[in-house]
Amino acid sequence: MRLAYDPSHYRDNTNLKDTIDAVARLGYEWVELSPRKDFIWFYEYPKVDRQLIKDLKRYCSDAGVQISSVLPVQQWSSPNEEERQAAVRNWKRCIEITSELGVDLMNSEFSGDKNRPAESEAAFVKSMEELMPIFEKEGIKLNLQSHPNDFIELNIEAIRMIRAFDKDWIRLVYSVAHAFFYDDGIGDVARHLDEAGDLLAHVLIADTLNHKAAFGLRYIINPPNANVTIHQHLNPGQGEINFDALYRKLREMKFDGIVTNSVFAYPDKPEWSNDVTLKSIKEGLYI
């Protein structure tokens, strides 16, 4: 099992070198390279040159940290064809960067428009048809997660979409913080993992509240019924996820993929947050 850290707590006010050093200081040998303005940002063309790739490899080597995966988020499922094409261009560069870093895994989200699911699915399939030969040429695997407000929010629908491509290098990311979106407010984490079965490759650890609870008033939105999507990435124990059931199921499955600390609600106190979350992961998975 690879225990990794998503350094989103450090993305806005810490440079790339200091971020990698922080990952090592917090006790990790692996880092999930999530979006950040000075490397690969959400929906944008990567602002990365050969020198920055060389520097990042040196930062990681000096700190004793390896990159578990590179995480771009692009609108590759957009029903707007111009936007989709731009996302595919951005993806091609992201794949190239990942290859030059010597990393063999990327993970991402489905994106798209949940109010236009059929059109978004068609756009996603079209993008994948363009990108799959490049992934295979570079020898890079891909893990995908359904995400709140994406055209796929349900866990089982993500699994079906992945199975539709029938590629052994395309597998599932399970984000614990999205569990209440994965089954419309039930949050049955054990069932979600059973659904995933052999497709499960990556688990993101963070807690959240059930947005469907309290008669739909767990979060109060004004005006009522506004078209918004909300969740959190809290320390385990601060939300309503059943972590005992989650860890028990992962142990039963003998899960041996990537487990990532995906808490990023506390940029003002990341060390404290990591102490809480890392303790939960290690005790829950007997690491």
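**Helix α7 and beyond**

Trainee: Which residues of helix α7 are buried?
Mentor: Val189, Ala190, His192, Leu193 and Ala196 are buried in α7, which spans residues 189–196. Buried means under 20% relative accessible area, with exposed over 50% and partly exposed in between, using a 1.4 Å probe and protein chains only. Helices are DSSP runs of H or I with at least four residues, strands are runs of E with at least two, and both are numbered from the N terminus.

Trainee: How are they placed around the axis?
Mentor: They cover an arc of only 160°, so they lie on the same side of α7. The arc is taken from the directions from the helix axis to the C-beta atoms.

Trainee: What do they pack against?
Mentor: The buried residues of α7 pack against α5 (155–165), β6 (170–175), α6 (179–182), β7 (200–205) and α9 (243–252). Contact means heavy atoms within 4.5 Å.

Trainee: What follows α7?
Mentor: Gly197 does, and its phi is positive, near 55°.

Trainee: Before I go on, what sort of model is this?
Mentor: It is a predicted model, where local features need pLDDT of at least 70, side-chain atom pairs count only at pLDDT 80 or more, and totals for chains, interfaces and linings use all residues. Residues are numbered from 1 along each chain as its sequence is written, and side-chain values use heavy atoms, with hydrogens and water left out.

Trainee: New topic. How many residues are in the largest nonpolar core?
Mentor: It has 74 residues, and those with the most contacts inside it are Phe39, Leu56, Leu101, Tyr174 and Leu246. Helix α3 (residues 81–100) gives the most to this core, with six residues. A nonpolar core is a set of buried Ala, Val, Leu, Ile, Met, Phe, Trp, Tyr and Cys residues joined through side-chain atoms within 4.5 Å.

Trainee: What does Leu56 touch?
Mentor: Leaving out residues up to four places away in sequence, Leu56 touches Leu16, Ile20, Leu33, Phe39, Ile67 and Leu101.

Trainee: Back to α3. Is Ala87 buried or exposed?
Mentor: Ala87 counts as buried because its relative accessibility is 2%. Ala87 sits in helix α3. Setting aside neighbours within four places in sequence, Ala87 is in contact with Gln74, Gln75 and Trp76.

Trainee: How far apart in space are Ala87 and Leu101?
Mentor: They are 21 Å apart, C-alpha to C-alpha, and 14 residues apart in sequence.

Trainee: Last one. Which residues of α9 meet α10?
Mentor: Tyr247, Leu250 and Arg251 in α9 meet Ser280, Ile281, Gly284 and Leu285 in α10.
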